Amino acid sequence: MSRKFFGTDGIRGRVGVEPMTAPTVLKLGWAAGKVLASQGTREVLIGKDTRISGYLFESALEAGLSSAGISSRLLGPLPTPAVAYLTRTFRAAAGIVISASHNPYYDNGIKFFSADGEKLPDGIEADIEEMMAQPLETVDSADLGRALRINDAQGRYIEFCKSTFPSGMRLDGMRVVVDAANGAAYDVAQRVLRELGAIVIAVGADPDGLNINKDCGSTAPDNLRAHVLLERADVGVALDGDADRLIMVDHRGEIVDGDELLFVLTLARKEAGELQGGVVGTLMSNLGLEHALKQMGVPFARAKVGDRHVLEMLKQKGWMLGGESSGHLICRDRTTTGDGLVAALQILAHMVDSGQKLADIKSGMTRYPQVLVNVPLAEKIDIGDNQQIKVAVTEAEKALGDAGRVLLRPSGTEPVVRVMVEGRVATDVEKICNRVASAVGDAVGL
């Protein structure tokens with residue numbers, strides 16, 4: 001069926017504009033409650049990040065769920081992956097996260113997790129969509145859901161994160177800068193690392209409801225880079241607003257993106273004899289990652305862009321490691337969803353175990369120069385059947401040889417075609433990308 005509310009990662013938009021209004025979110029809570037109640041469920045968890053509109057939507061969801069006869073356990077500000085974990089441990093029917101991830105404070109969104117801590121199945125989302133079209137009817141007063149605030153949610157998640165770190169290992173003496181993006185992990189991230197012995201310098205840890213992701217966190221890593229150099233730290237860790245993304249900075253101040261971190265995770269698992277199968281990236285994953293894994297004898301597969309698609313492919317193949325360049329990293333041997341803090345702990349553990357700096361470990365992968373150009377579309381066309389575009393792509397691939405690739409990807413959210421070219425030499429890549437983009441522009445009549 002056609003989706004009016006749910007996108008690839010829940011519901012998201014500007015606060016006060018449909019669907020992110022109090023009446024619609026209340027109705028969403030009721031609709032989700034009705035669907036869950038039909039399966040015999042009576043309880044869900046609700047977590048949120050630090051943006052000011054979280055208060056509004058938390059109350060609206062709670063009211064909607066209660067009117068459907070579903071009780072809520074309120075977790076307060078907590079990372080998205082923490083809600084996924086606690087949904088499993090509380091044996092709840094579902095977990096709901098109020099967050100717009102890396103977006104500015106004036107956006108917000110609603111994400112759902114199933115009872116097993118994974119993204120809600122498409123079928124359940126479709127049922128909720130269908131229920132949204134029905135009139136809201138409140139259950140009898142005796143059957144209304146209740147609300148209970150869970151005061152030890154942070155502590156439970158902290159202990160879980162520490163459990164993913166090798167037993168007996170510590171971070172004593174390691175200077176770590178943590179940028180929590182003034183988001184959901186502003187407290188737990190630094191507490192986890194301090195309890196493991198690290199010397200923590202916390203930045204982006206003073207949320208006021210309006211400063212989430214503002215010039216900090218994984219989407220603005222220059223903030224972390226500056227603090228790592230200033231503090232002469234061993235490493236820097238940057239999370240996004242809901243802490244499901246991770247970007248790091250090495251002691252030299254070099255930014256380490258999701259592709260390089262995925263390489264380090266793979267290397268760590270392989271050296272420990274724990275690598276199960278191969279690795280899943282996306283269509284946008286750097287070619288340098290693919291080549292580095294090939295040299296290690298590790299299979300690599302590309303999923304569509306989006307952590308949901310990465311997770312789906314991992315499950316299909318029975319593999320454990322996957323991720324995106326943006327820092328969505330999934331360690332299925334440790335948890336059920338992308339978790340920036342858990343991924344960081346795996347990297348730090350390998351640094352301790354190997355006795356190496358992050359800069360030295362990541363040197364086993366060479367990032368290829370990558371150029372991306374967005375070509376506006378006057379109207380939607382099938383670029384795959386356009387002869388002019390085919391010729392341009394063929395010529396570009398011939399010029400790049402085995403050391404490069406060309407990717408044309410229509411945007412799912414904008415009227416543009418994304419033209420991406422990778423290769424060994426930056427100047428060549430830029431010229432080739434511009435030629436292909438020009439050919440695409442000519443073909444679409446712009």
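Helix 11 supplies four residues to the lining of the second largest pocket, and that is the largest share. Keep in mind as you look around that this is a predicted model.

- Sorted by class, the residues lining the second largest pocket are five nonpolar, three polar and five charged.

**Two cavities**

- The largest cavity holds about 40 Å³ of space, and its lining is made of D9, G10, K111, F112, K119, L120, E125 and R308.
- Which classes of residue line the largest cavity? Five are charged, two are nonpolar and one is polar.
- The second largest cavity holds about 30 Å³, and around it you will find F5, I11, P19, T24, V25, L28, I110 and M132.
- In the lining of the second largest cavity, seven residues are nonpolar, one is polar and none is charged.
- Helix 1 (residues 22-37) gives the most to the lining of the second largest cavity, with three residues.

**Strand 2 and its partners**

- Find strand 2 at residues 43-48; five of its six residues are buried, and the strand is mostly covered.
- Strand 2 runs parallel to strand 3 (residues 71-77), and six bridges join the two.
- To see this pairing for yourself, look for E43, which stands opposite S71 in strand 3.
- Between strand 2 and strand 3 the chain passes through helix 2 (residues 54-67), making a β-α-β crossover that is right-handed.
- Strand 2 also pairs with strand 4 (residues 94-98), again in the parallel sense, over five bridges.
- In this second pairing, I46 stands opposite I96 in strand 4.
- Here is a handy idea to carry along: side chains in a regular strand alternate between the two faces of the sheet.

- As background, most peptide bonds are trans, and most residues other than glycine have a negative phi.
- The peptide bond from E18 to P19 is cis, and its omega is near 10°.
- S101 is a residue other than glycine with a positive phi, near 55°.
- You can find S101 in the loop between strand 4 and strand 5 (107-114).
- Is S101 buried or exposed? S101 counts as buried because its relative accessible area is 2%, and the cut-off for buried is under 20%.
- N182 also has a positive phi without being a glycine, with a value near 50°.
- Where does N182 lie? N182 is in the loop between strand 7 (175-179) and helix 6 (188-195).
- With a relative accessible area of 8%, N182 is buried.

Terms used:
Residues numbered from 1 in each chain as written. Predicted model: local features only at pLDDT ≥ 70, side-chain atom pairs only at ≥ 80, totals over all residues. Heavy atoms only, no water. Buried < 20%, exposed > 50% of the residue type's maximum accessible area, 1.4 Å probe, protein only. Pairing = 2+ DSSP bridges. Right-handed = clockwise from strand over helix to strand, strands pointing away. 1 Å grid on protein atoms, 1.4 Å probe; cavity = no way out; pocket = protein on both sides within 12 Å on 5 of 7 lines; lining within 4 Å. Points joined across faces, edges and corners; volume = space filled by probe spheres on them. Nonpolar A, V, L, I, M, F, W, Y, C, P; charged D, E, K, R; others polar.
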